[in-house]
Amino acid sequence: MAGPNVIQSEEHIFKMCRQIKQVTDSVGIKLVFKSSFDKANRTSAKSFRGPGIDEGLKVLHSGFKEFIIGEFPKI
């Protein structure tokens, strides 16, 4: 299981998917991608928490469709 701690943007997720997928493909293991759309456990209430559930799921779904990685997480 790999991925960034929190979704920053679709561009960021695509970059991470691309790079992580190259590594897992090269060693012959299945990638299960993980990233949070709402990271509530921040040290500061002013910290970026993510794009929220609606936008976050759209971004994750786009990444999964583009890179055909693992399983779409069940929520």
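How many Å should the 18 residues of helix α1 span, and how far apart are its end C-alpha atoms? At 1.5 Å a residue, α1 (residues 10–27) should span 26 Å, and its end C-alpha atoms are 26 Å apart, which agrees. The expected span is 1.5 Å times one less than the number of residues.

This is a predicted model: local features need pLDDT of at least 70, side-chain atom pairs count only at pLDDT 80 or more, and totals for chains, interfaces and linings use all residues. Residues are numbered from 1 along each chain as its sequence is written, and side-chain values use heavy atoms, without hydrogens and water.

The protein chain has 2 helices and 0 strands. Helices are DSSP runs of H or I, at least four residues; strands are runs of E, at least two; both are numbered from the N terminus. Buried means under 20% relative accessible area, exposed over 50%, partly exposed in between (1.4 Å probe, protein chains only).

| Residues of α1 | State |
|---|---|
| Ile13, Phe14, Cys17, Ile20, Thr24 | buried (under 20%) |
| Glu11, Gln22, Val23, Ser26 | exposed (over 50%) |

The buried residues of α1 fall within an arc of 145° seen down its axis, so they line one face of the helix. The arc is that of the directions from the helix axis to the C-beta atoms. The exposed residues listed sit on the face turned away from the buried side. The cover over the buried residues includes α2 (53–67). Glycine 28 follows α1, with a positive phi near 75°.

Of the chain's 75 residues, 27% count as buried.

How values were computed: Contact means heavy atoms within 4.5 Å.
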